[in-house]
Amino acid sequence: MNSFRPDAILRKLACVALFAAATGISLPAQAQETTLRLVSAFAENGYYVLHLQKWITKFNAEGRGNLQINFIGGPKAIPTFEVGNAVKTGVVDIGLSTGAFYTNVMPEADFLKLTQISVAEQRKNGAFNYINQVWNQKANMQYLGRMVENQPFHLYLNKKIDKPDLTGLKIRITPVYRDFFQALGANVITTPPGEVYTALERGVVDGYGWPIGGIFDLNWQEKTKFRVDPGFYDAEVSLVMNLDAYKKLSPKQRDYLQKQVLFLEGENSIWATYTTDETARQAKAGIQTVSFDAAQSKAYREKAYDIGWASAIKASPEHGPKMKALFSK
Ligand code: 173
């Protein structure tokens, strides 16, 4: 009866203890994996989402047992202009969006187009922290990071102009372009990207605003004759997260998320290449460039920023002036 010997009993107890310790460790470890639901305000087949999906694949491979992202879909899952509210209320955890798509949450969202310094610099000079204070307070969001920069906006047209005057033209906009294009005399119509093709096809609009890259994603080159140069502002596309979901993450998960977001931002040099490629592709597709002389070009860009900041400060007397100081060169 070996098992009655004290050393055998001790060995058995040790086994039980080990087993308990093993299972005790493994259960919480599994419970510690969190999956975040992500939606995109931009089309699923577009370049932004393709770039993001490569990142999600890496994120999930390296984050096993810790943090995962489940890509729910694009505007078919949640309409473009609803993504901000879905993140604010926690219907989803993370959104890929631009601020212009959630001015229904707060006007400040659209001010990010006015940054003239890189996101890396924004992290250094306090702009990034300031954005987060406002996003936390007013939108219940954590501003995680900026995926797109170095992408100026342009005006695309089907009718030729020879000076910066849009009188009599109907232009598709989002809040990004509203005040500037109206100041140039345009009649404006707000639509999500998903409705631009049809609006062009039916002649509802004579042109639209969009960054230098991406018009091929939804085949707009088929319905576009001119691009007006120069560009203005800087297209901002960022990851925003529901603040409660963010606060629920463990320190380890938050560190992991931060590390991956910094990796994503570290790839932002691709956007300069994308600009070169897309500019060439537009020319090849027969899209002609409309340019102004040097003085008019300078005035055009200056007007864009002057009007952009004037309306920002009007919409947010508290944060507008501070953001202007932090975002400008
Ligand atoms: O034109 C738009 O839909 C728009 O506002 C935007 C903003 C950032 C990137 C691409 C488009």
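Between domain 1 and domain 2 of this predicted model, seven residue pairs are in polar contact, both residues being at pLDDT 80 or more; a polar contact is a pair of N or O atoms within 3.5 Å, where within protein one must be able to donate a hydrogen and the other to accept it, and residues adjacent in sequence count only if both atoms are side-chain atoms.

**Domains**
- The domain assignment, automatic or from a database, gives domain 1 as 34–151 + 235–272 and domain 2 as 153–233 + 285–327.
- Their C-alpha centres lie 24 Å apart.

**Interface**
- In contact (heavy atoms within 4.5 Å) are 31 residues of domain 1 and 28 residues of domain 2.
- The two domains bury about 2,500 Å² between them, 70% of it on carbon and sulfur atoms; buried area is the accessible area (1.4 Å probe) lost on putting two parts together, summed over both.
- Phe111, Leu114 and Tyr130 lose the most area on the domain 1 side, together 26% of what that side buries.

**The domain 1 side**
- The residues touching domain 2 comprise 18 nonpolar, nine polar and four charged.

**Basis**
- Residues are numbered from 1 along each chain as its sequence is written.
- Local features need pLDDT of at least 70 and side-chain atom pairs pLDDT 80 or more, whereas totals for chains, interfaces and linings use all residues; side-chain values use heavy atoms, leaving out hydrogens and water.

Note on methods: Nonpolar A, V, L, I, M, F, W, Y, C, P; charged D, E, K, R; others polar.
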